[in-house]
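Here's a quick briefing to read alongside the sequence and the 3D view. Have a look at the fold, then go through the notes by topic.

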Amino acid sequence: ADVSLDTSGFTTSGDGGNGNWKQNGVTGQTPSQSPAQLGNALLNDGNGNQWSLVGKANVFALGTDTPVINIPGGFLDLQEACDFFAGFSHNSEQKITLEIQAGFEITTPTTFVNVNSSFIEITSVDVEVKVGATFPSTSSVINAVNSRPAILNTIIDVDNIVTVSSYNVTSASIATIAINAGMKNGGDRGLHSQNGSTVYADNCVFTGFQKAGVHASRNSKVQCADADFSGNSQNPANTFGAIYASRGSVIHGPSMNATNSGAEGVRVQRGATIVCPDVDLTGCTGTAMIANGGTISTTSGLPIMLNLKGQALVAVSGGQAHIGAAVITHASGVTDPSIECRNARVIANGVNISGQDGRGIYAEGVNAMVDIDGGVIAGGTDCLFAFEGGSINAVNSTITGASNNGATATQGGKIIIAESSVTGSGNDDLSINKGSWMSANSCTTTNGVGTPDISDTNLTGGFNFADNGNRGFIWS
């Protein structure tokens, strides 16, 4: 099986005159079959023995549209094979599969520069391919510059060897990652699309990275519905979310899995947008969502935010977040606000929050507004806290079990809590201070049904717009 055959002059299907063939150990086949008949870079001799291509011939000249080339085999590694085939002309039906053989480890980067190699697909015999210990740590495993790289259709275990983005596309590249393919366990980011690039990666897998599982930056795009980005952002000092978009970029990923994220789950900033209906953030250790000057939208499906070990949402600096009627539960020990809004906009109508040890909803700044109409906030120190001009709209909501105050408006804070129920507070159900106001018409408190009872407030006089000169209540 180790005999090689020089097939110069093999002209029935043509091999370009420079193909070398090797018996692959398969016998008993139909005799005298050409590559075109077999649909691969194979031939059967007159005795039914099979031969596979190991030389650097133009496989398209063999008459098959989908040849499979072993790596290693005719080529030492992926880079040598991709470089060789990059210059070939081909039609849209012609594909090449580079199949990484069992036990082979990747020790050299694969880079595409100014080429279209999208007719090449990288697969493997093993379920996963490992990056070898001698791989250069400061290089991406796959890197594309102004190119269409080969389609990745296997899982590559980076084994924490690489300290930069493991799969990197830049300079207006366009890449495709096959279903259930991707990389895992890198020292930096997994999938990075930057500088005007686009990646199509529905159902991809990028897990166990120290920073982001996916990062779109500098006006780039990633389409990644049903992607698995679980267990990312493992470095506690990391400021990249497991799912991260920045600088005008867009990530569109319905039903993404970001469970057990470390430092952060979903992060958006600098005018970027993440559309992530039904994203699963269960078990996130740090902040589940951060909107810092960008937009997070889950309008067509509710995020799953259970057993969070940190804050559910932080929106700051003009950021916007729409999480709808999400059910948010916290593990014990979360003393920061579940939803924190500082000069930003949060829409969470119908949200249900429980388990936090700190505040439920916190709004600070004249440009801060949080809508939770129809919501349920249970427990924590203050269920609602509006501060320094921040506004909370909580019409027809249920506020219960705060250890301090159910709803607090202070230093110009504003709360609309009409037709709601605020009960069971450790101190006051309703508290207002320092030029703030609260609209609480038809609001039920612990001792007042349909109208707040003064004993459930911090007021000492009647209910009026300007109590003691610096407090304001609006009642009906």
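Of the 476 residues in this chain, 54% are buried. Bear in mind that you're looking at a predicted model. By element count, the chain has 46 strands and 2 helices.

**Whole chain**
- The exposed surface comes to about 17400 Å², with carbon and sulfur atoms supplying 47% of it.
- If you take contacts between residues at least 6 apart in sequence, 54% of them join residues at least 24 apart.

- Strand 6 (residues 96-100) pairs with strand 8 (residues 120-124) in the parallel sense, over 5 bridges.
- Look for L98 here: the residue opposite it is I122 in strand 8.

**Helix 2**

- In soluble globular proteins, nonpolar side chains tend to be buried together.
- The largest nonpolar core in this chain holds 103 residues, and helix 2 gives the most to it, with 4 residues.
- Which residues have the most contacts inside this core? They're L384 and I417.
- Leaving aside residues up to four places away in sequence, I417 touches L384 itself, and its other partners include A394, I399, V422, L430, M438 and C443.

Notes. Residues numbered from 1 in each chain as written. Predicted model: local features only at pLDDT ≥ 70, side-chain atom pairs only at ≥ 80, totals over all residues. Heavy atoms only, no water. Pairing = 2+ DSSP bridges. Core = buried A, V, L, I, M, F, W, Y, C linked by side-chain atoms within 4.5 Å. Buried < 20%, exposed > 50% of the residue type's maximum accessible area, 1.4 Å probe, protein only. Contact = heavy atoms within 4.5 Å. Areas by Shrake-Rupley, 256 points an atom, 1.4 Å probe, with all protein chains shown as cover.
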